[in-house]
Amino acid sequence: MLNKKVYDVAVVGGGIVGLATARQLIQRHPQMKIAVLEKEAKLAAHQSGNNSGVVHMGIYYTPGSLKAKLCVEGAELAYKYCDQNNIPYKKCGKLIVATSPLEVSRLDDLYERALKNKVKDVSVVEGEENIKRIEPYVVGCKAIHSPHTGIVDWGLVARSFGENFVKLGGEIHMNFPVSKMQISHSENSIVNGKEYPVVIQDKNAESVRCRYVVTCGGLHSDRLAMMSGCNPNPRIVPFRGEYLLLKPEKNYLAKGNIYPVPDPRFPFLGVHFTPRMDGSVWLGPNAVLAYTREGYRACDISLKDLTDTLTYSGFVRLAAKNWAYGIGELYRSFNLTAQVKLLQKFIPELKSTDITRGPAGVRAQALDEQGNLVDDFVFDTGVGELGGRVLHVRNAPSPGATSSLAIAKMICDKAKDSFDF
């Protein structure tokens, strides 16, 4: 029975970060019993399996930040892992395109970031003629070219991490939605002279015992953290990112990733062109509030999730600062012609008749109480005896998938420092 299972470490969350962490833990500590607890019936069911599939190189991120460090390291590790495990990928490159003098100034700053972050072989492309040598249908006055930016199926990578973890002796429990964590000292907590005082229960009254816990809960990371007495902030606010698809006969318009120069006035990056491993090309995403934490459709709603969002002071402040942007994103969600107009800034040849609606993902956006987007990785512990036995990954934003193997190494280092390994 599941409730008889005992482990040295339980990793909550079967997404790419949780699976990478579990794999890294068992590689470092092969004598330990380790389990992954996943609430869904399959691995990588949410953010890890519903994303653009880009292998990022670390261009956009603040020099010295964990985002920058872990992305650069993680991309190298990801490509190496894919090579070793026969997982297909393509280094189709990325072009970040400036289309105005104001954007050129921002692009120059971005290039300096890329150099400070030691992004491999990044270069500046001057003039539209040279831009068209890389992307024949793109217009712009200056660009940054990152030849090693790639694409991969991150869901496939995550599931491979899971398979590797199991081969090394780990166990994965599906359909285990964690509802409670607590300390319980009793005769049942002693097994072969070793105590397993942490009890993790799911919504079906099943339970496991363990010595330590690492949570990688993505869209539910704040709720998992609060189970062990953590500060409720930062809170997760879900934003749905909706993609358009180029019709197959128009896929020639984009050879690689085509990205905008970020506008510091707005909270999100903006729409871009992303080729996929299956040969399709995704356009987008936008960023609209999801009415439930797993709301992949506009009609998906949870009154609890929506109430939590709308009554959170951080969201209220974010909405007050960015109401015009939010209304614009919502309008473009329903009006595809308006969305295409943004994309025509880079490829004027694109027409509304060239696209169809595509899939959507949900982003676990961490917000602080002041309404600021939490842009970097956040790790946390709880309070009391339980808190001393739990390590939470509170925020693993994009490029979380690219960085997953590097994040896993950092989590294992933190676990070693925090726990009695």
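This is a predicted model: local features need pLDDT of at least 70, side-chain atom pairs count only at pLDDT 80 or more; totals for chains, interfaces and linings use all residues.
This short talk goes through strand pairings and helix contacts in the structure above.

Residues are numbered from 1 along each chain as its sequence is written, and side-chain values use heavy atoms, with hydrogens and water left out.

Four of the five residues of E13 are buried, and buried here means under 20% relative accessible area, with exposed being over 50% and partly exposed in between, for a 1.4 Å probe and protein chains only. E13 pairs with strand E10, residues 178-183, in the antiparallel sense over five bridges, where two strands are said to pair if DSSP finds at least two bridges between them. Within that pairing, Val178 has Asp202 of E13 as its bridge partner. E13 is also joined by four bridges to strand E14, residues 207-215, again running antiparallel, and here Val198 stands opposite Cys210 in E14. The hairpin of E13 and E14 has four residues between the strands, and Ala205 takes a positive phi near 70° in that hairpin.

There is also an open sheet of three strands, in the order E3-E8-E4, with antiparallel pairing. Its edge strands are E3 (54-55) and E4 (89-90), each of which pairs on one side only. E4 and E8, the latter being residues 150-152, pair over two bridges, and Tyr89 has Val152 in E8 as its bridge partner.

Now to the helices. Two packed helices are described by the angle between their axes and the distance between the axes. The axes are lines fitted to C-alpha atoms, for helices over the stretch in contact, and the angles run from 0 to 180 degrees between N-to-C directions.

How do H1 and H12 pack? Helix H1 (residues 16-28) and helix H12 (residues 404-418) pack at an angle of about 55°, with their axes 8 Å apart. That makes H1 oblique to H12, given that angles under 35 degrees count as roughly parallel, over 145 as roughly antiparallel, 65 to 115 as roughly perpendicular and the rest as oblique. The residues of this contact (heavy atoms within 4.5 Å) include Ile16, Val17 and Ala20 in H1, and Ile407, Ala408 and Ile411 in H12. They divide into nine nonpolar, three polar and four charged, where Ala, Val, Leu, Ile, Met, Phe, Trp, Tyr, Cys and Pro count as nonpolar, Asp, Glu, Lys and Arg as charged, and the others, Gly among them, as polar.

Helix H2 (residues 66-84) and helix H5 (residues 154-167) pack at about 70°, with their axes 12 Å apart, and are therefore roughly perpendicular to each other. Ala78, Tyr81 and Cys82 in H2 meet Trp154, Val157, Ser160, Phe161 and Asn164 in H5, a contact with six nonpolar, two polar and no charged residues.

Finally, helix H9 (residues 323-334) and helix H10 (residues 336-343) pack at about 110°, with their axes 5 Å apart, and these two are therefore roughly perpendicular as well. Among the residues that meet are Tyr331 and Phe334 in H9, and Leu336 and Leu342 in H10.
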